[in-house]
Amino acid sequence: MKTHAKSLSTLLFAIIVVAFATTLQAQERNNIQYYTPPTQAGLNVFEAPFTTDKTFDGVYVRIGGSNTLQFQALRHDNDAGNLADLESNFNLATSNLDLDVALAPGMRMHLRTYLSSQNHTETYVKGGYLQIDSFDFIEEGFLSGLSDHIRIKVGHMENNYGDNHFRRSDNGAAMQNPFVGNYLMDSFTTEVGGEVYLYSGDVFGMIGLTNGKLNQSTVEGAVNTKPTFLTKLGYDSQVNDDLRFRITGSLMRVSEAASIYLYTGDRAGSRYYNVTTGGFRSGRIAPSYTIPGNAPGGPVAGEMTAIMINPFVKFQGLEFYGVFENASGKNQVETDTRTYTQLGAELLYRFGAGEDFYIGTRYNTVSGEEAGGNEIDVTRFNLGGGWFMTENVMTKLEYVNQIYDGFTGDLAGAEFSGIMLEAVVSF
């Protein structure tokens with residue numbers, strides 16, 4: 001019954017999208033301040049715009065959403081030859097429902113709900129936040145000199161570590177991702193916390209703190225979780241009409257946690273269904289620095305320090321995005337720190353009226369040391385392109401090839417490759 005209900009909710013969502021697509025294209029989109037639209041207009045925006053000339057016209061509720069569907073034609077193999085046979089067919093449609101609310105001058109709220117996802121048969125809230133970019137809600141002009149430079153975000157929210165999470169597919173929201181899958185080490189988590197931003201011209205900085213928990217509970221466990229610290233420093237300049245340059249550096253420090261969620265925080269699931277060992281995170285690599293509670297001997301907490309550097313350059317239609325990421329840590333019974341390194345590079349060319357078409361490639365590698373001392377390497381290559389049929393509708397086609405090296409068990413000699421086709425509706 002749950003699966004039937006999920007399919008029905010997805011079908012109803014799709015009907016609503018089709019029925020209102022034309023109307024939504026003409027809908028006034030300028031009622032929300034400091035806001036990034038989930039459409040083609042939101043490409044390469046990263047953090048929500050800090051400057052705005054919009055005025056507050058009273059409480060305004062914007063209802064939006066995203067819906068995606070993929071056709072998957074992948075094949076996989078390993079040394080043991082014991083992987084399940086895959087067929088070419090459609091994946092489960094995934095859907096989001098978004099509420100964005102202008103509450104006061106410079107104050108807005110965001111809430112995202114997953115209506116349908118690979119990993120959950122039920123509808124559930126991903127997370128949300130309150131964002132304050134002006135103190136005019138207290139009194140017009142209150143601390144205006146400070147509010148010209150300060151942003152505050154608080155909530156159970158997607159934490160701003162690195163820039164990859166701005167270019168990833170978030171369940172149904174996939175327009176910002178030029179490819180179908182996310183990065184091998186998918187740095188994404190939603191934890192309760194706050195972030196304070198300081199803006200000065202083209203330079204910005206952020207300091208944040210979370211409680212380190214993905215699932216909230218006030219019951220004291222066998223292992224305590226301490227707060228997680230994160231920070232980010234960036235430079236983002238539209239040098240001239242043709243050239244934009246951005247570079248950011250991010251750090252996240254987990255000093256003690258029963259579970260570290262930075263690379264396992266996505267509860268929606270991978271885009272590459274059932275490949276290699278299966279599971280809803282199939283195709284991804286997650287450094288593990290803790291021992292779960294169901295392991296012999298009980299849970300063991302861990303620590304981790306992760307850094308990410310992301311350059312972004314756009315010259316006319318040519319676009320480059322890079323990733324250098326290093327995660328190091330250990331659990332409390334280990335004496336030596338283990339390290340994982342991720343490298344990534346995307347090269348795209350956008351063309352046509354309004355840059356409605358693009359072609360490009362992505363190369364992504366991860367190397368690291370597993371808890372048993374095993375040295376592993378994973379390499380993924382993507383080649384593809386896309387078409388924005390309208391501002392709200394796009395299609396993508398890609399070829400993907402992923403190779404595992406140094407693994408034992410079912411991943412020994414594993415690889416998968418094939419074609420993915422994805423359709424996205426977002427408004």
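1. Thr 276 is buried, with a relative accessible area of 6%. Buried means under 20% relative accessible area, exposed means over 50%, and partly exposed lies in between (1.4 Å probe, protein chains only). Thr 276 sits in the loop between E10 and E11. Its phi is positive, about 50 degrees, although Thr 276 is not a glycine. Most residues other than glycine have a negative phi.

2. A note on the model. This is a predicted model: local features need pLDDT of at least 70, side-chain atom pairs count only at pLDDT 80 or more, and totals for chains, interfaces and linings use all residues. Residues are numbered from 1 along each chain as its sequence is written, and side-chain values use heavy atoms, with hydrogens and water left out.

3. Asn 274 lies in the loop between strand E10 (243-257) and E11. Is Asn 274 buried or partly exposed? Asn 274 is partly exposed, with a relative accessible area of 46%. Its phi is near 70 degrees, a positive value in a residue other than glycine.

4. Now the whole chain. Its secondary structure comes to two helices and 17 strands. The radius of gyration is 22 Å, close to the 22 Å that the globule rule gives for 427 residues, so the chain is as compact as a globular protein of that length. Helices (H or I, at least four residues) and strands (E, at least two) are DSSP runs, numbered from the N terminus. The radius is taken over C-alpha atoms, and the globule rule is 2.2 Å times the number of residues to the power 0.38. Along the principal axes, the C-alpha atoms fill a box of roughly 65 × 50 × 45 Å.

5. Of the 427 residues, 50% count as buried. Take the contacts (heavy atoms within 4.5 Å) between residues at least 6 apart in sequence: 64% of them join residues at least 24 apart.

6. Lys 314 belongs to strand E11 (residues 302-315). Lys 314 is buried, at 16% relative accessible area. What does the side chain of Lys 314 make a polar contact with? The partner is the side chain of Glu 355, at 3.1 Å. A polar contact is a pair of N or O atoms within 3.5 Å; within protein, one must be able to donate a hydrogen and the other to accept it, and residues adjacent in sequence count only if both atoms are side-chain atoms. Leaving aside neighbours within four places in sequence, residues in contact with Lys 314 include Asn 44, Asp 242, Arg 350 and Glu 355.

7. His 110 lies in strand E4 (residues 107-116). His 110 is buried, with a relative accessible area of 12%. Its side chain makes a polar contact with the side chain of Asp 100 (2.9 Å). His 110 and Tyr 129 are 19 residues apart in sequence, yet their C-alpha atoms are 5.5 Å apart in space. Not counting residues up to four places away in sequence, His 110 touches Asp 98, Leu 99, Asp 100, Gly 127, Gly 128 and Tyr 129.

8. Met 206 is found in strand E8 (residues 203-210). Met 206 counts as buried, at 2% relative accessibility. Not counting residues up to four places away in sequence, Met 206 touches several residues, among them Asn 160, Val 196, Tyr 197 and Leu 230. Ser 117 is 89 residues from Met 206 along the chain, and their C-alpha atoms are separated by 31 Å.
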